[in-house]
Amino acid sequence: MSAAPDPQGWVPDVLGEEFFQLTLPLRADDEGEVVATLVRALPERTAWQRLFGDRRMLADTDVLYVHGWSDYFFQKRLARFWTGRGARFFALDLRKYGRSLRPGQTPGYISDLAEYDEDIAAALAAMTDAQGAAPRRLVLLGHSTGGLTLSLWAARNPGVASAVILNSPWLEFQLPRFTRETIAPLVGLQAKRRPLDRAPQVDLGFYTRAQNEVADPEDPMDVDLAWRPAQTMAVHAGWLNAILAGHASIAAGIDIGAPVCVLLSAHSAYPTAWSEDLTRADSVLVVDDIARAALKIGHSITIEWIEGALHDVFLSRHEAREEAYARLGHWVDGWAAADSAARAAASREAGAPGVD
């Protein structure tokens, strides 16, 4: 007998097992239908926990993950890191990426990062419908361009996120700030005149090769190359202008208003020719520049340097990958304990029942 359909529309996801997805309709644009896709993984609970309550540190927490450029969500272990601690995990494939890409659309294209506010609002609404009435903490988790997008969103929406975690966030361009400020007006002019003009393709596929070289058999991943090509998707003038505008906002300073953990490789490498160095470094961003830019996004910033990590620290070789998860676990456990203690103290001061 087949299972009854989910009243919210959740269906099994391509990742299988405990993963489900929900299509989020958005406003159409000149390329037609526009959607985002929310992927969900829920924590397993014992019969005891179902009867008497889940006492795990993150049982009252939701995590929302946003991927980077030319990417989508496929990291099962990342989801299980959170569900194993009692949190509900959600990942958002933004419009025109991955599960959300529709025929005839320009992959990944957007002209203003604030347009993703609609995607994020739809995701949060679906997460709220799934949780019932009890308020829950929200942790934002973003990789690369997703880290830039979520940082700007959190600053525009203060008090919504309880914590923000950034995996190699693209907070600054891979050129000196003076160069960025020089080319930005030219890109802006081109974005107004011919927003879909393409920039030259400079990705030689070395980052994908590095990931394949260090693939961890203990954490296998199946990647759909139609959604995450070996060489990045085409870069268009309108999209690049949106990115540079986001970088300018970061350079001017924003306030996320929540504790932030930034995970970075300890080294950068320039992918002009293949070498083994590319398997032990970030070959996409200049990590020192990202660390400096991270100091401008809030007042409580922790930077974790991961020796031997790639641009996506959770796709690094085994030793660096384990170190990244260990560092993340240490930070999350410390944040959750401090946050729970602060909320309990606030409840006592307000005369409400305390939280054990």
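These legends describe close-up views of a predicted model.

**View 1. Helix α4 and its length.**
Helix α4 covers residues 145-156. How far apart are its end C-alpha atoms? They are 17 Å apart. At 1.5 Å a residue, the 12 residues should span 16 Å, so the two values agree. An α-helix has 3.6 residues a turn, so residues three or four places apart point the same way.

**View 2. How helix α4 is covered.**
Of the 12 residues in α4, 10 are buried, and the helix is mostly covered. The buried residues are Thr145, Gly146, Gly147, Leu148, Thr149, Leu150, Ser151, Leu152, Trp153 and Ala154. Ser144 is found in the loop between β6 (137-143) and α4. Is Ser144 buried or exposed? Ser144 counts as buried because its relative accessibility is 7%, under the 20% cut-off.

**View 3. The largest pocket.**
Rolling a probe the size of a water molecule over the atoms shows where empty space is left. The largest pocket has a volume of about 1200 Å³. Its lining counts 44 residues, and the closest to the pocket centre are Gln174, Val202, Asp203, Thr232 and Val284. Two helices, α6 (206-213) and α7 (237-252), each supply at least two lining residues. Which element gives the most to this lining? Helix α6 does, with three residues. By class, the pocket lining has 24 nonpolar, 15 polar and five charged residues.

**View 4. The largest cavity.**
The count comes to one cavity of 30 Å³ or more. The largest cavity has a volume of about 40 Å³. Which residues line the largest cavity? They are His67, Gly68, Leu94, Tyr97, Tyr116, Thr145, Gly146, Thr149 and Trp239. Helix α4 gives the most to this lining, with three residues. By class, the cavity lining has four nonpolar and five polar residues, and no charged residues.

The structure holds 17 aromatic pairs. In the pair of Trp10 and Phe90, the ring centres are 6.4 Å apart. The planes of Trp10 and Phe90 stand at 50°, so this pair is tilted. Trp10 lies in the segment before β1 (11-12), and Phe90 lies in strand β5 (residues 88-93). The pair therefore ties together parts that are 80 residues apart in sequence. Both Trp10 and Phe90 are buried. Which residue lies over the face of Trp10? Arg40 does, at 4.3 Å from the ring centre.

**View 6**
A pair of aromatic rings is described by the distance of the centres and the angle of the planes. For Trp69 and Trp239, the ring centres are 4.2 Å apart and the planes are at 35°, so the pair is tilted. Where do the two residues lie? Trp69 lies in the loop between β4 (61-66) and α2 (76-83), and Trp239 lies in helix α7. The pair therefore ties together parts that are 170 residues apart in sequence. Trp69 is buried, with a relative accessible area of 15%. Trp239 also counts as buried, at 3% relative accessibility. Ring pairs link Trp69, Tyr97, Trp170, Phe173 and Trp239 into a cluster. Trp239 and Tyr97 from this cluster are also among the residues that line the largest cavity.

Most residues other than glycine have a negative phi, and most peptide bonds are trans. Ser70 has a positive phi of about 55° although it is not a glycine. Ser144, likewise not a glycine, has a positive phi of about 55°. Ser70 is found in the loop between β4 and α2. Ser144 is in the loop between β6 (137-143) and α4. Ser70 is buried, with a relative accessible area of 5%. Ser144 is buried too, at 7% relative accessibility.

Ser100 has its place in the loop between β5 and α3 (116-131). What is the relative accessible area of Ser100? The value is 0%, so Ser100 is buried. The C-alpha atoms of Ser100 and Thr23 are separated by 7.9 Å. Along the chain, Ser100 and Thr23 are 77 residues apart.

Key. Residues numbered from 1 in each chain as written. Predicted model: local features only at pLDDT ≥ 70, side-chain atom pairs only at ≥ 80, totals over all residues. Heavy atoms only, no water. Helix = DSSP H or I, 4+ residues; strand = E, 2+ residues; numbered from the N terminus. Expected span 1.5 Å × (residues − 1). Buried < 20%, exposed > 50% of the residue type's maximum accessible area, 1.4 Å probe, protein only. 1 Å grid on protein atoms, 1.4 Å probe; cavity = no way out; pocket = protein on both sides within 12 Å on 5 of 7 lines; lining within 4 Å. Points joined across faces, edges and corners; volume = space filled by probe spheres on them. Nonpolar A, V, L, I, M, F, W, Y, C, P; charged D, E, K, R; others polar. Phe/Tyr/Trp six-rings, centres within 6.5 Å; stacked < 30°, edge-to-face > 60°. Lys NZ or Arg CZ within 6 Å of the ring centre and 35° of its normal.
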